[in-house]
Amino acid sequence: MARCYYLDYISKGFLSSYDNDEYVCKLCGKHFATNDPQVKYTCNPDYGEEYKKCPVYQNRPEPNFFWKKIDNSTLSCAAR
């Protein structure tokens with residue numbers, strides 16, 4: 001199972017049922033019900049990496065940082 005890295009799960013509360021919770025895409029801001037077909041078959045499928053076919057995912061902005069190696073055991077985050 002490969003879930004999109006930009007998909008967040010939002011619980012509506014401690015005693016909330018799964019049907020009341022939702023997912024939100026951090027790239028486009030769209031909210032999805034837990035039973036939404038797009039979540040089930042694209043963003044959070046049971047198998048494969050279907051999220052890579054999503055146009056929102058494919059057009060995501062480049063990160064404004066990169067990792068550089070300082071020595072053999074340390075990585076540092078550096079701004080572009």
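Tyr23 is buried, with a relative accessible area of 6% (buried means under 20%, exposed over 50% and partly exposed in between, with a 1.4 Å probe and protein chains only). The model is predicted, so local features need pLDDT of at least 70 and side-chain atom pairs count only at pLDDT 80 or more, while totals for chains, interfaces and linings use all residues. Residues are numbered from 1 along each chain as its sequence is written, and side-chain values use heavy atoms, leaving out hydrogens and water.

**Sheet**
- Three strands form an open sheet in the order E1-E2-E3 with antiparallel pairing (strands are DSSP runs of E, at least two residues, numbered from the N terminus, and two strands pair if DSSP finds at least two bridges between them).
- Strand E2 (residues 22–25) pairs with E3 over three bridges, and Phe32 in E3 is the bridge partner of Tyr23.

**Aromatic pairs**
- Four aromatic pairs are counted (ring centres within 6.5 Å; planes under 30 degrees apart are stacked, over 60 edge-to-face, the rest tilted).
- Tyr5 and Tyr51 pair edge-to-face, at 5.7 Å centre to centre and 80° between the planes; Tyr5 is exposed at 60% relative accessibility, whereas Tyr51 is buried at 2%.
- The rings of Tyr9 and Tyr23 are also edge-to-face, with centres 5.2 Å apart and planes at 65°; Tyr9 lies in strand E1 and Tyr23 in strand E2, 14 residues apart.

**Thr34**
- Thr34 is buried at 8% relative accessible area, and its contacts (heavy atoms within 4.5 Å) beyond four places in sequence include Tyr9 and Tyr23.

Key. Helices (H or I, at least four residues) and strands (E, at least two) are DSSP runs, numbered from the N terminus. Rings of Phe, Tyr and Trp (its six-membered ring) pair if their centres lie within 6.5 Å; planes under 30 degrees apart count as stacked, over 60 as edge-to-face and the rest as tilted.
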